[in-house]
Structures are given as C-alpha cells and as structure tokens.
Amino acid sequence: MKLTQEQIERFERDGYLFFPGLFSPEEMAVLKAQVPSLYAQHRPEIIREKGSDAVRTVFAAHLMNEGFAKLGRHPRMIGPAEQLFGEPVYMHQFKVNGKQAFDGDVWQWHQDYGTWQADDDMPDARAMNVSVFLDEVNEFNGPLLFIPGSHKAGALAASHDLSTTSYPLWTIDERTITDLVDRGGIVAPKGPAGSMLLFHSCLVHGSPSNMSPWNRTIVYLSLCAVSNHIRRFKRPDYIAHRDFTPITALADDCLTDRSVRIAELPLAQPA
Ligand code: SIN
Ligand code: MN
C-alpha cells in the first residue's frame, strides 16, 4: 500500500493517519479467532492488568501465532512505514493490547519514542506504530487519545512510572500535556474492526480505562527503519527485538489465503 502526497502531508502535520475499515471482517475474523488461545497462556510475554487476570498486552504474538505473523508482514501495514522512512523496516516491537471489557486499565500520556530512546537507545525517531483494530473502537471502550501535532515537539522530558499500571511507562507531566492540548486539542479515532491507524513515534498519546462491556483489542506493529536499529539490549528481547532483518511483505490477501504459511514461529507453544 502506498500513501498519496496528501496523506504524507497530513501525517507530517498531524502525526497520524486513520484508515477506517481498511481490513475486511473476514481478515479480522482470522486474527480474532487466535486471541483466546493466546490469552489462555501464562508466560512472560503476556502482561496481565494489575490485580486481575485480564490480559493487558501480549508481546511478540507474531512469533507465536501464524495469523499474527502474517499481519507482521502485511503490505498494508509495512508499505506506508517503508515509504515514510524511505528504507526497509524491521519489527522493533509487536503487541496485542487487550483493553478488556470492564478491566482494561489506563495508558497514561506518553510518547513511544521516549521509551525507545531511554530504554533501548534507538538513535532517532525513525520508528512508528502501525495498528489495527480487532474490535470496534468507540467512545466507551478506551479509545486511543492523540494530541494532533504533538510529534513536532520532539522527544519530551518524561518520568518513569513504575506503579500506576502493571506495565512501566515513561510518562509526560500534566503541565506539558496542558500546553500541547491548548495548541492541538485531543482526538480519539473511532471506527469498526479492521480500521488501521498509523502514528509518529513522538506523537503524544494515551487511553482511558475501559468501563464498557466491550473489549477493545488493538494490535500494534512498531516498525523501525533498519539503519535506526536499537543499540542497547536492556529489556527482554520479546519487548525490544534484536532481529534487525528487513521485513519482506507478503501478498495483500495473505491473511485469508491458507496456502500462505510461515515456516518459523520460534515462540509458538508446542501442540
Ligand atoms: C500504547 O500506547 O502503547 C498502548 C495504548 C493503548 O493500547 O491504549
Ligand atoms: Mn504508546
């Protein structure tokens, strides 16, 4: 998939692009069918919400499961990132965020590049998230909140929050958020399952808790320009990958074409 010049300019201005319903219900059904067997596992790659068994994040699902492995090589996900960076990309991080009905907890305001720089020594903000909604995202089930244009502030000062949620995050203070929101406002892209959202790694974002009876599953590919690979290997490799091999995209119908197989799934559970 290739972005138009108008989309590239909008990405540069706002820091994100939203494609409602880009993937079909059939394609999303293939991925959704894989989720229960992932959530049933108890392993270090799967982070639960604080004080609950609800799944917050499944890291590295693309190394456990064929459907997610295909999504990690999908041309609609990979193409725009390659185009924006002008070079091949590798998978820095892959996660399925559960944000489960009633239990899904807040993600405080942050920039992803803040963490990638501080923890992983990623040289530049030449990495980005490309995400796809596995469920409808609405105003009630904890949508992502973006501050448009906030990516232009570059990497902001952040503090390491180790206590609010079950997952440590470099978060941004309220004064800075207030100033950024005064300038850019807040948006919450909402849409059906299959919607794709790509955003700059310096875009300030977060999400409220999910008080609704509806799950809000979003899958994130964090794609990094190969020349910009991380230099520090402090975090577990299922969180910050060390395999800098450029991703080769599969065919556009790979999710529904059963003849497309992924030979290597190094973290798959033995059958
Ligand atoms: C994130 O910012 O990494 C996750 C936010 C969310 O899934 O709500
Ligand atoms: Mn984030």
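Predicted model: local features only at pLDDT ≥ 70, side-chain atom pairs only at ≥ 80, totals over all residues.
1. Metal site. Three protein residues donate to the manganese ion (ligand 2): His110 through NE2, Asp112 through OD and His205 through NE2. Their distances from the ion run from 2.1 to 2.2 Å. Asp112 and His205 tie together distant parts of the chain, being 93 residues apart. Asp112 belongs to helix H6 (residues 112-120), and His205 to strand S11 (residues 205-207). Both of these residues are buried.

2. Ligand 1. What surrounds it? The residues are Lys95, Asn97, Lys99, Trp107, His110, Leu144, His205, Ser207, Arg216 and Tyr220.

3. Polar contacts of ligand 1. For Arg216, a polar side-chain atom sits 2.8 Å from a ligand oxygen. For His205 the distance is 2.9 Å. For Lys95, a side-chain N or O atom is 3.4 Å from an oxygen of the ligand. On its own, ligand 1 has 260 Å² of accessible area, and the protein covers 98% of that.

4. Helix H7. Asp173 caps the N-terminal end of this helix (residues 174-184). A side-chain oxygen of Asp173 lies 3.0 Å from the backbone nitrogen of Arg175. After H7 comes Gly185, with a positive phi near 70 degrees.

5. His241. This residue is in the segment after strand S12 (218-225). Is His241 buried or exposed? Its relative accessible area is 5%, so His241 counts as buried, the cut-off being under 20%. A polar side-chain atom of His241 lies 2.8 Å from the backbone oxygen of Asp237. Beyond four places in sequence, His241 touches Ala60, His62, Leu63, Tyr90, Met91, His92, Gln93, Phe94 and Ile230.

6. Nonpolar cores. The largest core has 38 residues. Which members touch the most others? They are Val58, Phe68, Leu71, Phe94, Val219, Leu221 and Leu223. Leaving out neighbours within four places in sequence, Leu221 contacts Leu71, Gly72, Met77, Ile78, Met91, Gln93, Phe94, Met128, Asn129 and Val130. Another core of 10 residues lies apart from the largest one, and includes Phe133, Leu144, Leu197 and Leu203. Leu144 is also one of the residues around ligand 1. Phe94, from the largest core, is also among the residues that His241 touches.

Notes: Residues numbered from 1 in each chain as written. Chains lettered and ligands numbered in written order. Heavy atoms only, no water. Core = buried A, V, L, I, M, F, W, Y, C linked by side-chain atoms within 4.5 Å. Buried < 20%, exposed > 50% of the residue type's maximum accessible area, 1.4 Å probe, protein only. Contact = heavy atoms within 4.5 Å. Donors = N, O, S within 2.8 Å, 3.2 Å for Na, K, Ca; no water. Helix = DSSP H or I, 4+ residues; strand = E, 2+ residues; numbered from the N terminus. Near = heavy atom within 4 Å. Polar contact = N/O pair within 3.5 Å; in protein donor to acceptor, adjacent residues only side chain to side chain. Areas by Shrake-Rupley, 256 points an atom, 1.4 Å probe, with all protein chains shown as cover.
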